[in-house]
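Here is a short report on one protein chain. Look over its sequence and structure before reading on.

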Amino acid sequence: CEEALKCLELMALLVRDVQPERERMATHAANDFAALTDLADLLVRQADLSFRDAHHIIGAVVRRALDEGLPAIAITTAMIDDATEQQVGRRANLPADDVAKCLDPICNVNGRQ
């Protein structure tokens with residue numbers, strides 16, 4: 001109980017005094033690969049793929065980005081097309097604007113509200 005009370009005191013200090021660094025948080029979110037489920041969903045909707053295939057394609061894109069040291073925001077339609085061609089034998093031809101929206105953390109959050 002004493003440890004729990006100490007934790008509650010610490011949490012109260014955090015809630016009262018900590019200020020988020022919004023720009024830093026946005027940068028981290030843009031570089032992270034957490035929002036790529038939206039990209040898989042886009043492949044399902046616009047490239048007429050099963051979610052299973054889309055998931056494998058996005059997995060290949062993420063592996064390539066990691067191998068090349070790229071953040072999520074640097075994923076291109078060419079990378080997606082290459083992975084789609086390897087997985088299902090054709091290009092996805094997704095519009096670059098739609099891909100950019102999927103990779104934008106603010107658009108991603110707004111689409112979930």
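## Basis of the model

This is a predicted model, in which local features need pLDDT of at least 70 and side-chain atom pairs count only at pLDDT 80 or more, while totals for chains, interfaces and linings use all residues. Residues are numbered from 1 along each chain as its sequence is written, and side-chain values use heavy atoms, with hydrogens and water left out.

## The whole chain

The protein chain has 7 helices and 0 strands. Helices (H or I, at least four residues) and strands (E, at least two) are DSSP runs, numbered from the N terminus. In sequence order the pattern reads α-α-α-α-α-α-α. The radius of gyration, 19 Å, is well over the 13 Å that the globule rule gives for 113 residues, so the chain is more spread out than a compact globule. That radius is taken over C-alpha atoms, and the rule is 2.2 Å times the number of residues to the power 0.38.

Along the principal axes, the C-alpha atoms fill a box of roughly 60 × 30 × 30 Å. Of the 113 residues, 27% are buried. Buried means under 20% relative accessible area, exposed over 50%, and partly exposed in between (1.4 Å probe, protein chains only). Take contacts (heavy atoms within 4.5 Å) between residues at least 6 apart in sequence: 55% join residues at least 24 apart.

## Helix H5

Helix H5 spans residues 77-88, 12 residues in total. From first C-alpha to last it reaches 16 Å, close to the 16 Å expected at 1.5 Å a residue. The expected span is 1.5 Å times one less than the number of residues. Just after H5, glycine 89 takes a positive phi of about 85 degrees.

Which residues of H5 are buried? They are Met79, Ile80, Asp81, Ala83 and Thr84. These buried residues pack against helix H3 (36-47), helix H4 (51-67) and helix H6 (96-103).

## Threonine 84

Threonine 84 sits in helix H5. It counts as buried because its relative accessibility is 0%. Neighbours within four places in sequence aside, threonine 84 contacts Leu43, Leu49, Ile57, Gly89, Arg90, Arg91 and Ala92.

## The cavity

The largest cavity has a volume of about 40 Å³. A cavity is a set of points on a 1 Å grid over the protein atoms alone where a 1.4 Å probe fits but cannot get out; lining residues have an atom within 4 Å of a point. Among the lining residues are Phe33, Leu36, Leu103 and Pro105.

Definitions and conventions:
On a 1 Å grid over the protein atoms alone, a cavity is a set of points where a 1.4 Å probe fits but cannot get out, and a pocket is an open set with protein on both sides within 12 Å along at least five of seven lines; lining residues have an atom within 4 Å of a point. Grid points are joined across faces, edges and corners, and a volume is the space filled by probe spheres set on the points.
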